[in-house]
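Please open the model in your viewer and keep the selection panel at hand.

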Amino acid sequence: MSFLSPRLLRIKSSPTIAAATRASELKAAGRDVIGLANGEPDFNTPEHIKNAAIEALRKDETKYTPVNGIVALRRAVCEKFKRENNIEYKVDQIAVGCGSKQIFYNAFAATLAPGDEVIVPAPYWVSYPDMVLLCDGVPVLVDCPAANGFRLQPEALERAITPKTRWLIINSPNNPSGAVYTRADLRAIADVLLRHRHVWVITDDIYEHLVYNGAKFVTMAEVEPRLSERTLTVNGVSKGYCMTGWRVGFAGGPRSLIDAMTIVQSQTSTHTSTISQWASVAALEGSMDFVRQNNNILQERRDLVVSMLNQANGLHCAKPEGTFYAYPSCSGVIGRHTPEGKEINADQDFLDYLLESEGVMAVAGTVFGLAPHFRISYAISTDVLEDACRRIQRACGMLS
Ligand code: PLP
């Protein structure tokens, strides 16, 4: 009999974290490797946020806090939701956890019974299906191909709903495709959900602030307030505020759900770091000028990646409207051969070849549920990014 629980045997560790770690290891071993697997901005946390953390330490804000976080942070989160998203939550409708990742886990652990289904539009953030499995649920994957802008279509949602559906996950801007749902997209999805009253929505808005070319971020509870009583709006400071390591995520939702999630967290991590919570108050209440500056840089890099990859033989890259990822298709290299005579049969073969031949590490679309694609993170300095794209072009040019 295995020492490990059957629950653990259903899941794997995060393949994106594994790829980023592997790139660092190869670099440390002296190989000329460019890692394009980063899931975090390469910008530092702004000074005013770091100063708030130092101030919190000086004031000895180092003790336990309420499980759901300090009231000052939950108030700042309510203000944020009102100011930026036009959604009204009360302080007791806010959960704060160790990153939005923990918020997702809490929600699934608090609500899923064995066999309950969660609709996951693909391509998806790698953690959704495994978290659902860890909580005894069943992920129901729905293809959202490039032809549909990588966005869930209402007809596809309608087909995926069964009496066992508990949740639909909407992630916009989307990791890995960079797709941003418009108000009309969410309206059409809301119309389906209004007909299926047993289905709840969890929106992953963690990339909210990383949108380009005037793309407008909107979230479900704003578009259809009648769904608010079954919507969990998840967000956090990790990506937009360059605070991945601080581990602060938050959500607004119906009080009964927030209370249930709080019970899960009270028996696991208790709460996220007190110092990080004070830093997050400063983040949410402070100036957002740095976001505009960062986005200008990210947009330039995005344009560079899209233009250079579209010049690579066999690749096609749609222009992402948000995040710091691009999700090119590599269907044009499938069936070709490397200079060593190896046939490329899948996106992972292509990425193995890229790493071997040019030292470029990206992540295969297969792990995000939509192949043959690969994900490139452009949260990396522009000159290194340009070098990486040139290497990819060269590798594609060598295929026959
Ligand atoms: N959601 C998406 C789509 C992500 O890409 C990530 C991180 O990569 C997260 C959630 C988790 O972020 P955090 O736990 O740092 O808030």
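Begin with the largest cavity, which holds about 70 Å³ of space, where a cavity is a set of points, on a 1 Å grid over the protein atoms alone, at which a 1.4 Å probe fits but cannot get out, and lining residues have an atom within 4 Å of a point; grid points are joined across faces, edges and corners, and the volume is the space filled by probe spheres set on the points. This is a predicted model, in which local features need pLDDT of at least 70 and side-chain atom pairs count only at pLDDT 80 or more, while totals for chains, interfaces and linings use all residues. Residues are numbered from 1 along each chain as its sequence is written, and side-chain values use heavy atoms, with hydrogens and water left out.

Select the lining of the largest cavity, including P121, Y128, F150, I169 and Y181; β5 gives the most to this lining, with 3 residues, strands being DSSP runs (E, at least two residues) numbered from the N terminus.

Next, select I170, S172, T203, D204 and M220, which are among the residues that line the second largest cavity, with about 40 Å³ of space.

Finally, select the ligand, around which S100, D204, S238, K239 and R247 are the closest of 13 surrounding residues, a residue being near if one of its heavy atoms lies within 4 Å. A polar side-chain atom of S238 lies 2.6 Å from an oxygen atom of the ligand, and a polar side-chain atom of R247 lies 2.7 Å from an oxygen atom of the ligand.

Methods: A polar contact is a pair of N or O atoms within 3.5 Å; within protein, one must be able to donate a hydrogen and the other to accept it, and residues adjacent in sequence count only if both atoms are side-chain atoms. On a 1 Å grid over the protein atoms alone, a cavity is a set of points where a 1.4 Å probe fits but cannot get out, and a pocket is an open set with protein on both sides within 12 Å along at least five of seven lines; lining residues have an atom within 4 Å of a point. Helices (H or I, at least four residues) and strands (E, at least two) are DSSP runs, numbered from the N terminus.
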